[in-house]
Amino acid sequence: MVGILVLHYRRNPWTEGCLLSLRQLRDANYRVILVDNGSQDGSGQELQHKFPEVDFVPIATNCGFGGGNNQGARRAQELGCTSLWILNNDTRVFPDSLSALLACQSGERDAVGSVLFEMDSDPQRLQLWGGGRVDLHTGDARYSLSPSEPLDYITGASLLISSQTFFELGGFDERFFLYWEDSDLCWRLKKLGGQLKVAPRSRVLHRGGGSMGGHHSPFHDYHMTLSSVHFYRRHAPWPLLPTFCFAARRILWRLRTRNWPCVLAVLRAMGRAWLS
């Protein structure tokens with residue numbers, strides 16, 4: 001059985017749309033596990049009432065993406081789920097999205113991703129092919145856009161992994177409150193000899209930024225920068241170089257539009273990561 005993990009945080013329309021699309025899955029052997037990640041506004045309970053078929057896991061405080069999914073994974077383990085499908089709440093799936101992932105999962109230590117398409121602008125427009133690349137020297141991180149490109153990680157927006165392997169890895173590292181936890185998990189998986197794959201027939205629509213105010217907010221830049229430092233300190237041979245390059249590029253992007261709050265957010269994250 002597959003445990004489908006969906007995180008919810010505060011009142012927004014995306015979670016309900018995701019849950020509605022999951023009702024269309026052709027696979028019968030799955031359980032949807034909805035983790036209410038410290039919403040405290042009653043929206044989680046409303047979803048539980050609208051979707052009585054989901055297994056509801058309330059958390060008192062926001063544990064971040066990794067922490068929330070770890071809680072959901074433990075519930076999936078209690079239910080006897082042998083695989084976990086980690087799925088963002090700002091996605092819409094198709095009836096065969098899960099079956100295509102399962103068909104591509106040939107080994108116990110495979111992590112399998114979907115082909116993601118833009119939800120808002122054009123559902124036919126490719127957003128990313130399963131995951132992306134990370135350069136440990138320059139700090140450059142980018143999406144893969146074709147099956148010919150090698151992968152360094154599978155995006156946590158749609159990631160299938162066996163429960164046994166997930167727990168063998170210790171789950172997501174909860175020092176990553178938001179962002180980069182999927183890259184870290186996949187890097188550790190590859191060190192165990194695991195493989196990263198993409199199921200071409202597993203299509204998923206993805207909005208992106210549905211729970212954190214978009215990709216041009218101080219909140220986004222702060223956590224993206226802070227988590228990048230955690231990642232490069234753990235995996236890069238010379239972590240100071242990629243973290244400096246990553247932060248410098250982000251600051252330059254924000255300076256072009258005079259987005260001073262985002263510039264300050266990047267600097268605050270760098271200060272916290274390296275001086276604390």
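So, V93 stands opposite V204 in β12. That pairing belongs to strand β5, residues 91-93, and strand β12, residues 195-206, which run antiparallel over 3 bridges. When I say two strands pair, I mean that DSSP finds at least two bridges between them. And the strands and helices are DSSP runs numbered from the N terminus: helices are H or I with at least four residues, strands are E with at least two.

Before I go on, the housekeeping. This is a predicted model, where local features need pLDDT of at least 70 and side-chain atom pairs count only at pLDDT 80 or more, while totals for chains, interfaces and linings use all residues. Residues are numbered from 1 along each chain as its sequence is written, and side-chain values use heavy atoms, with hydrogens and water left out.

Back to β12. Strand β6, residues 110-118, is joined to β12 by 8 bridges, and that pair runs parallel. To find it on your screen, take D110: its bridge partner in β12 is Q195. As a reminder, strands of a sheet pair through backbone hydrogen bonds, either parallel or antiparallel.

Next, another sheet. Here 3 strands form an open sheet in the order β9-β8-β10, with antiparallel pairing. β9 (141-143) and β10 (153-154) stand at the edges with a single partner strand each, so one side of each has no neighbour in the sheet. Between β8, residues 131-134, and β10 there are 2 bridges, again antiparallel. Look for G132, which stands opposite Y153 in β10.

Now the helices. How do α8 and α9 pack? Helix α8 is residues 240-256, helix α9 is residues 260-275, and they pack at an angle of about 165° with their axes 8 Å apart. That makes α8 roughly antiparallel to α9. The axes are lines fitted to C-alpha atoms, for helices over the stretch in contact, and the angles run from 0 to 180 degrees between N-to-C directions. Under 35 degrees counts as roughly parallel, over 145 as roughly antiparallel, 65 to 115 as roughly perpendicular, and the rest as oblique.

The crossing of α8 and α9 is left-handed; that is, the near helix is turned anticlockwise from the far one by less than a right angle, whereas clockwise would be right-handed. The α8 side of the contact includes L240, A247, I251 and L255, and the α9 side includes W260, V263, L267 and W274. By contact I mean heavy atoms within 4.5 Å. The residues of this α8 and α9 contact divide into 11 nonpolar, 1 polar and 2 charged. For those classes, Ala, Val, Leu, Ile, Met, Phe, Trp, Tyr, Cys and Pro count as nonpolar, Asp, Glu, Lys and Arg as charged, and the others, Gly among them, as polar.

Helix α9 also packs with α7, residues 218-235, at an angle of about 30° and with axes 8 Å apart. That makes α7 roughly parallel to α9. The crossing of α7 and α9 is right-handed. From α7, the residues in the contact include P218, Y222, L226 and R233; from α9, they include P261, A265, R268 and A273. The class count for α7 with α9 is 12 nonpolar, 1 polar and 4 charged.

S83 sits in strand β4, residues 83-87. Is S83 buried or exposed? S83 is buried, with a relative accessible area of 7%; buried means under 20%, exposed over 50%, partly exposed in between, with a 1.4 Å probe and protein chains only. Leaving out residues up to four places away in sequence, S83 touches M1, V2, G3, Q105, L160, I161, S162 and S163.

N70, in helix α3 (residues 64-78), is buried too, at 4% relative accessible area.

S99 lies in helix α4, residues 97-104, and is partly exposed at 28%. S99 and D27 are 72 residues apart in sequence and 6.4 Å apart in space, C-alpha to C-alpha.

Last, two residues with positive phi. Q40 has a phi of about 60° although it is not a glycine, and its place is the loop between β2 (30-37) and α2 (43-50). W180 has about 70°, and W180 isn't a glycine either; find it in the loop between α5 (163-168) and α6 (181-191). Q40 counts as exposed at 68% relative accessibility, while W180 counts as buried at 7%.
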